Amino acid sequence: MSEDSDFDRRKFLQATGAAALTASVAGCTDGGEGSPTDSPSGGDGTPTGTDGQGGDEEFTGLDSYPYSPGETDVESARQVMEEAGYGPDNRFELDWLQYTSPAWKEMANTIRSRLESAYIDMSIAEADFSGLLSRTEKGDMQAFTLGWIADYPAPQNFLQLVDPENTIYDGEGPAPNGARLFWTEDSETETDVRNFMTEQFDQIQNNPQQSEEAQQARDEAAVKMEEGLWESAALLPMYHQVSQSFWYDRLDYSPPGGMGGSRSKENISVQGLEGKDRLDKISATFSALDPIASGNTASGGKVMNLFDAPMNYHNGTTEVRNLLVDDYSVSDDLTEYEFTLKEGIQFHGDYGEVTADDMVYSIRRLVESSNSTNTYFPNSVLNIERETDDDGNVVPGSTGVEATGDYTFTVTLQNSFPFALSVLAYSAFSVVPEGIVGDIEGYEGDMSWEEFSTNPVGCGPFQFANWESGNGGEFNADKFDDYHGQEAAIEGIDAAIITDTTASYNYFLNENADVSGIPTSKYDPGKVSIEETVDGIDRGTYGPMENDKTVNMAQSATINTYYVAFNMQEVPKPVREAMAYVVNRPQFVQSVFKGRGAPAYHLTPTQVFPGGASAYESHWQGE
């Protein structure tokens with residue numbers, strides 16, 4: 001994972017700062033407070049469409065984004081704080097927690113300097129990714145930074161982050177999968193807005209059918225939820241990342257689409273390589289190559305090459321295609337999916353043909369194994385049928401997956417879900433040989449989990465060869481000659497593991513890597529020449545670089561949103577609104593990211609916003 005480019009991710013992704021802006025929001029120096037503007041409220045200071053605190057009218061929505069978009073509006077921030085009783089002798093102390101990142105820290109310092117004039121003193125703390133997740137799940141923060149990359153391309157996947165019932169991490173029952181907002185009934189916001197958000201998300205959940213009427217109901221509720229999020233200021237979308245790739249002429253490369261590089265396979269993206277037969281890349285560090293325990297983009301891309309799941313996002317686009325599956329059927333209520341596997345698919349090594357029993361074992365491991373760190377996908381997203389004991393643990397063998405023949409199996413869900421095929425393209429659902437690890441009931445295992453996670457066996461287009469972990473190490477995979485799908489155009493992949501962004505950039509400059517990202521600190525937008533746009537991907541050239549070479553480049557908007565969010569039990573609404581007023585998204589994107597992103601005024605990205613990019617723009621602008 002590189003500095004402005006790739007994010008550690010399991011459920012959430014956090015900006016770090018490198019190769020292609022898959023990773024961070026960075027800061028910028030304050031260009032001034034900007035011109036004061038009138039507060040977007042009614043004559044009594046109440047935002048349009050709501051009664052504010054304690055009024056009689058119910059919240060019904062907003063007409064446009066209410067916090068001075070595109071401006072650094074310190075005057076309105078100060079005004080909203082003064083109206084709430086804050087001032088020079090009554091300042092608010094705000095604790096900000098972020099992923100360890102120079103880019104985020106720069107932006108945080110900019111925001112802190114602006115908030116000082118609005119009677120807010122912001123302290124900045126940093127944590128590594130796992131530490132940040134742990135602290136935010138405990139509510140040990142007030143403001144925090146996180147991001148989300150789509151698990152499946154639909155508004156529901158983003159808006160579940162802000163469904164109030166799904167944000168309470170210290171409550172009873174199963175762990176939620178929303179943002180850590182702690183949006184409880186006694187949170188610092190209007191009850192009617194909280195109820196409004198809950199009702200709208202229920203509208204989305206309760207209309208899973210594929211009919212036009214159900215789609216319209218989901219779309220209307222999704223747009224209303226964005227308006228409720230504006231009114232609450234519980235979570236401030238900051239930017240949607242643009243992903244970039246750079247490669248030398250010797251490589252015939254098809255860059256991945258909007259779902260990102262961790263969803264693409266290099267037997268598809270790499271179509272030829274002159275002068276040698278193996279692809280050279282750069283990798284961040286990673287800890288496991290077991291599909292059920294792959295938790296960041298560095299390991300995720302390798303799992304995509306070593307393993308196959310039932311479905312696949314073709315070359316990282318939003319197009320879901322059959323991969324292991326030859327055919328499928330779906331029950332009318334969208335709770336039972338029956339799949340027929342292709343016959344003759346071979347595992348690597350001596351593990352033979354892929355059968356339905358292998359698929360059942362693999363999904364059971366994902367749900368039931370103590371080694372699984374990706375239970376979020378089968379349990380929270382798909383909600384596969386299962387039984388739990390008094391401690392909330394899944395009862396062994398109760399997972400709703402069953403082999404109905406040598407090549408047929410069913411997956412049964414507890415509730416209707418229309419995006420199951422998209423979720424089954426995620427690498428966590430990759431098939432492994434039945435019984436290879438003895439970490440679920442009924443299997444002793446051919447090898448320990450530690451051995452399998454560092455020496456894996458799959459059925460993907462490449463097979464594992466070598467892994468020397470840590471900075472300075474290397475990962476190697478060889479072409480699998482018996483692959484059932486498109487044959488790879490290269491004989492293998494060699495990835496140098498480099499953690500320092502300057503070192504990785506120099507590695508690319510020295511032509512030791514065929515394809516790479518470029519850290520924002522080294523990126524010059526003046527060297528970009530876009531020549532064509534194909535299927536939403538801009539293609540052109542970049543250079544000359546310091547080595548006097550001009551390389552090919554591609555950029556595309558990936559389906560993601562990075563944001564600042566608040567512990568709603570700790571941070572009063574005027575403080576949240578004040579930050580919303582001083583956040584100047586276009587300035588951050590241009591000054592810090594050098595144009596490698598787009599300002600975010602919705603949590604739902606443009607590609608999946610109801611009505612698309614034009615509707616996204618017209619909605620927040622009130623047109």
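Figure 1. The model shown here and in the following views is predicted. Strand β16 covers residues 462-468 and strand β17 covers residues 474-479. The two strands pair in the antiparallel sense, and 6 bridges join them. In a regular strand the side chains alternate between the two faces of the sheet.

**Figure 2. The hairpin of β16 and β17 has 5 residues between its strands.** Gly470 belongs to this hairpin and takes a positive phi near 90 degrees.

**Figure 3. Lys573 lies in helix α14 and is a buried residue.** The helix runs over residues 573-582. Lys573 has a relative accessibility of 7%; buried means under 20%, so Lys573 falls in that class. Leaving aside residues up to four places away in sequence, Lys573 touches Glu188, Glu190, Glu231 and Ser232. Glu319 is 254 residues from Lys573 along the chain, and the C-alpha atoms of Lys573 and Glu319 are separated by 40 Å.

**Figure 4. Helix α14 is largely enclosed by the rest of the structure.** This is said because 10 of the 10 residues of α14 are buried. Among them are the charged residues Lys573, Arg576 and Glu577. The buried residues of α14 also include Pro574, Val575, Ala578, Met579, Ala580, Tyr581 and Val582. An α-helix has 3.6 residues a turn, so residues three or four places apart point the same way.

**Figure 5. The whole protein, for orientation, has 16 helices and 24 strands.** The C-alpha trace spans about 75 × 60 × 40 Å along its principal axes. The radius of gyration is 24 Å, which agrees with the value near 25 Å that a compact globule of 623 residues would have. Of the 623 residues, 60% are buried. Among contacts with a separation of 6 or more, 70% are between residues 24 or more positions apart.

**Figure 6. The protein exposes about 23,200 Å².** The protein has 36 positive and 104 negative side chains. The centres of the positive and negative sets lie 7 Å apart.

Notes. Residues numbered from 1 in each chain as written. Predicted model: local features only at pLDDT ≥ 70, side-chain atom pairs only at ≥ 80, totals over all residues. Heavy atoms only, no water. Pairing = 2+ DSSP bridges. Helix = DSSP H or I, 4+ residues; strand = E, 2+ residues; numbered from the N terminus. Rg over C-alpha atoms; globule rule 2.2 N^0.38 Å. Buried < 20%, exposed > 50% of the residue type's maximum accessible area, 1.4 Å probe, protein only. Contact = heavy atoms within 4.5 Å. Areas by Shrake-Rupley, 256 points an atom, 1.4 Å probe, with all protein chains shown as cover. Charge placed at Lys NZ, Arg CZ, Asp CG, Glu CD.
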